[in-house]
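Reader: I have a model open and want to read its features one at a time. Please take me through them.

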Amino acid sequence: MLQPPHSSLQVAAVPAQRVPVRDRDQDAPWHTEAVCRRDEAGLFFAPSKEPTAARLSREEAAKRVCARCPVMVECREHALLQPEPYGVWGGLTAAERRVVLARRRRRDVELKQAARAGRIAQAG
Ligand code: SF4
């Protein structure tokens with residue numbers, strides 16, 4: 001049986017009550033093609049008390065792995081939709097995913113406002 005990506009790292013990085021999503025949906029098509037599936041280097045999740053310089057270096061290394069992954073788009077969208085609070089997914093850190101999600105929320109609000117304004121203009 002194949003192990004899910006970074007399973008040993010997830011145990012260390014994710015609170016015990018959370019079931020890692022990579023464990024839950026490992027049958028998803030994108031998951032089976034994950035380049036990180038057999039990662040042993042510990043690139044994708046932070047060990048406890050990781051110094052900032054080490055974190056930045058590790059995250060850049062993880063992103064380089066993601067850049068050559070054939071399922072990067074699917075993985076990124078999965079991590080955004082869950083949302084995944086920890087680790088590098090789809091070439092984005094958790095902080096970068098929060099920025100993307102905030103932009104999407106703002107865009108959704110603007111689109112709704114524009115749609116409302118359009119309806120008002122049509123009615124008027
Ligand atoms: S994009 Fe990165 S985190 Fe996602 S499956 Fe591929 S290598 Fe793993």
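This is a predicted model: local features need pLDDT of at least 70, side-chain atom pairs count only at pLDDT 80 or more; totals for chains, interfaces and linings use all residues.

Reader: What share of the contacts comes from residues 24 or more positions apart?

Author: A contact means heavy atoms within 4.5 Å. Take the contacts in the chain with a separation of 6 or more: residues 24 or more positions apart account for 54% of them.

Reader: How do I check a helix against its expected span?

Author: Multiply 1.5 Å by one less than the number of residues. α6 (94-123) has 30 residues and reaches 43 Å from its first C-alpha to its last, close to the 44 Å expected.

Reader: Which residues of α4 and α6 are buried?

Author: Buried means under 20% relative accessible area, exposed over 50%, and partly exposed in between, with a 1.4 Å probe and protein chains only. Buried residues make up 38% of the 124 residues in the chain. In α4 they are Arg 58, Glu 59, Ala 61, Ala 62, Lys 63, Val 65 and Cys 66. Their cover includes α5 and α6. In α6, Ala 94, Arg 97 and Leu 101 are buried, and the buried residues of this helix pack against α5 (72-81).

Reader: What does Arg 97 touch?

Author: Arg 97 sits in helix α6 and counts as buried because its relative accessible area is 2%. Leaving out residues up to four places away in sequence, Arg 97 touches Ala 79, Leu 80, Glu 84, Pro 85, Tyr 86, Gly 87, Val 88, Trp 89 and Leu 92. Leu 80 is 17 residues from Arg 97 in sequence, yet 6.4 Å away in space, C-alpha to C-alpha.

Reader: How do I read a nonpolar core?

Author: In soluble globular proteins, nonpolar side chains tend to be buried together. A nonpolar core is a set of buried Ala, Val, Leu, Ile, Met, Phe, Trp, Tyr and Cys residues joined through side-chain atoms within 4.5 Å. The largest one here has 16 residues, and Trp 30, Leu 43, Phe 44, Ala 62, Val 88 and Trp 89 have the most contacts inside it. α4 and α5 are the elements that give two or more residues to this core. α4 gives the most, with 4 residues.

Reader: And empty space?

Author: Rolling a probe the size of a water molecule over the atoms shows where empty space is left. On a 1 Å grid over the protein atoms alone, a cavity is a set of points where a 1.4 Å probe fits but cannot get out; a pocket is an open set with protein on both sides within 12 Å along at least five of seven lines; lining residues have an atom within 4 Å of a point. Points are joined across faces, edges and corners, and a volume is the space filled by probe spheres set on the points.

Reader: What volume has the largest pocket, and which residues lie nearest its centre?

Author: Its volume is about 200 Å³. The pocket is lined by 15 residues, with Arg 55, Glu 59, Gly 87, Thr 93 and Ala 94 nearest its centre. α4 (52-67) and α6 each supply at least two lining residues.

Reader: How many cavities of 30 Å³ or more are found?

Author: The whole structure has 2. The largest cavity holds about 90 Å³ of space. Of the 15 residues that line the largest cavity, Cys 36, Cys 66, Cys 69, Cys 75 and Gly 90 are the closest to its centre.

Conventions:
Residues are numbered from 1 along each chain as its sequence is written. Side-chain values use heavy atoms; hydrogens and water are left out.
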